[in-house]
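Subject: Structure handover and findings

Hello,

Here is the structure for you to look through. My notes on what turned up follow below it.

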Amino acid sequence: MSFHRITLKINGSTEMVDVPSNMTLLMMLREKLALTGTKNGCYAGECGACTVMLNGEPVNSCMVLAVECDGAEVLTVEGLSHEGKLDPIQEALIKEGGVQCGFCTPGVLISAHALLNRLPEPSEADIREALVGNLCRCTGYVRIVKAVKEAASQRVPVA
Ligand code: FES
Ligand code: FES
């Protein structure tokens, strides 16, 4: 097995990591950097629990090799809060009861973050489409969708 040294920016910090050639971005985050907020649900690109932002786009980190991320920028759920203050999407998910077991939550948060970056005033259909790759076994999605709407309304300046 060959190892590679890669340098990337994660949640605003530059990290240098030695990774085996077959290590995924998901496993690098969890095992090399102790960023265990990103979850391993299926390890097959099906559940979305491992979603992170890679160069500004949401990806299933179990489907990306760490070596492909040399020079990249990654945002994980740990990077959403700032100075101890939760992101509005995190606040809204808590308020609306969109978190039960919490296993899907990091991936949901990142997908919602990506959506609101791209589309600050999404319709319910836009929200459901953005979250189509994030499987949740607990909530039935209604409260999650409501929370994303709530977060979007907070981000829109009041005229
Ligand atoms: S763990 Fe990556 S999609 Fe399920
Ligand atoms: S809250 Fe349990 S899987 Fe979504």
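Two strands pair if DSSP finds at least two bridges between them. By that rule, strand 3 and strand 4 pair over 4 bridges, in the antiparallel sense. Please keep in mind that this is a predicted model.

**Strands 1 and 2**

His4 stands opposite Val19 of strand 2. Ile6 stands opposite Val17, also in strand 2. The two strands form a hairpin with 2 residues between them. Asn11 in this hairpin takes a positive phi near 50 degrees.

In strand 3, both faces are covered. Thr51 and Met53 are buried on one side, Val52 and Leu54 on the other.

On the strand 4 side, Val52 has Val59 as its bridge partner. Strand 3 and strand 4 make a hairpin with 2 residues between them. Asn55, in the turn, has a positive phi of about 50 degrees. Strand 3 also pairs with strand 5, again antiparallel, over 2 bridges. There, the bridge partner of Leu54 is Val74.

Which residues does Thr51 touch, leaving out those up to four places away in sequence? They are Pro58, Val59, Asn60, Pro106, Gly107, Ile110, Ser111 and Asn134. Thr51 lies in strand 3. Its relative accessibility is 5%, and buried means under 20%, so Thr51 counts as buried. Thr51 and Ala152 are 101 residues apart in sequence. In space they are 20 Å apart, C-alpha to C-alpha.

Helix 1 spans residues 25–32. Leu25, Leu26, Met27, Met28 and Leu29 are buried in it. Their cover includes strand 1, strand 2, strand 3 and strand 5.

Most residues other than glycine have a negative phi. Two residues in the loop between helix 1 and strand 3 are worth a look on that score. One of them is Ala34, in that loop and just after helix 1. Its phi is positive, near 60 degrees. Is Ala34 buried or exposed? At 57% relative accessibility, Ala34 counts as exposed.

Tyr43 is in the loop between helix 1 and strand 3 as well. Its phi is also positive, near 55 degrees. Tyr43 has a relative accessible area of 37%, so it is partly exposed.

Empty space shows up when a probe the size of a water molecule is rolled over the atoms. The largest pocket has a volume of about 240 Å³. It is lined by 14 residues. Glu57, Pro58, Ser111, Ala114 and Ala130 are the closest to its centre. Strand 4 and helix 3 are the elements that give two or more residues to the lining. Helix 3 has the largest share, with 5 residues. By class, the lining has 4 nonpolar, 8 polar and 2 charged residues.

The second largest pocket has a volume of about 150 Å³. Which residues line the second largest pocket? Gly41, Cys47, Ala49, Cys101, Phe103, Cys104, Leu135, Cys136, Arg137 and Cys138 do. By class, that lining has 8 nonpolar, 1 polar and 1 charged residues.

Best wishes

Methods:
Residues numbered from 1 in each chain as written. Chains lettered and ligands numbered in written order. Predicted model: local features only at pLDDT ≥ 70, side-chain atom pairs only at ≥ 80, totals over all residues. Heavy atoms only, no water. 1 Å grid on protein atoms, 1.4 Å probe; cavity = no way out; pocket = protein on both sides within 12 Å on 5 of 7 lines; lining within 4 Å. Points joined across faces, edges and corners; volume = space filled by probe spheres on them. Nonpolar A, V, L, I, M, F, W, Y, C, P; charged D, E, K, R; others polar. Buried < 20%, exposed > 50% of the residue type's maximum accessible area, 1.4 Å probe, protein only. Contact = heavy atoms within 4.5 Å.
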